[in-house]
Amino acid sequence: MAHRLRPVGLDFVGTAPVRLAFAREVSAAPDAVFRALAEDVPGWTAWFSAVTFARPIGEGAGREIRLKGGTHFVETVLTAERPEVYAYRVDVTNAPGARAMAEEWRLAPAGTGTRVRWTFAADGTAPFRFVLGRARPGLGRAFRDAVTSLDRRLTRP
């Protein structure tokens, strides 16, 4: 059953009780990575294998996302500062125990490519926080696979 989460701002990414951060360097330029993240929301299904449905809502002010396994999110974009940061909070989800969630994608030049840093920030019930802590390796693997796939997509001839 879907439920509304506590609205949080961008500062939540640095203060949330659970913060999982992952980073990887890719060959694609920061602007290309930013476009894929912020402007081609439906394209997420082509490079992030956990995402089965993605569409912008509210003229790009939000997103609707569905994941394998049936979890879904309605999100509000918190910031989209080209080509450095793209962040959003979850407003509604069916994830049990979640009380507040936000994600931030930070992009920085790395030679001719980009250093991509993804931070997943959350608050919830004790069991929810415990499960997220245990999920760190799987989320890290999903991030690495997704960013690698995105890089291939952006740099193939």
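View 1. Buried denotes under 20% relative accessible area, exposed over 50% and partly exposed in between, with a 1.4 Å probe and protein chains only. Strands (E, at least two residues) and helices (H or I, at least four) are DSSP runs, numbered from the N terminus. Residues are numbered from 1 along each chain as its sequence is written, and side-chain values use heavy atoms, with hydrogens and water left out. As the model is predicted, local features need pLDDT of at least 70, side-chain atom pairs count only at pLDDT 80 or more, and totals for chains, interfaces and linings use all residues.

View 2. Two strands pair if DSSP finds at least two bridges between them. Strand β1 (residues 3-4) runs antiparallel to β6 and is joined to it by 2 bridges; here His3 stands opposite Thr93 of β6. Strand β5 (residues 72-81) is also antiparallel to β6, with 8 bridges, and Phe73 has Thr93 as its bridge partner. A hairpin with 3 residues between the strands is formed by β5 and β6.

**View 3. The hairpin of β6 and β7.** Strand β7 (residues 98-110) pairs with β6 in the antiparallel sense over 6 bridges. Val90 has Met101 in β7 as its bridge partner. Between the strands of this hairpin lie 4 residues, and Gly97 takes a positive phi near 90°.

**View 4. Helix α2.** Helix α2 (residues 30-39) is mostly covered, with 7 of its 10 residues buried. Among the buried residues are Val33, Phe34 and Leu37.
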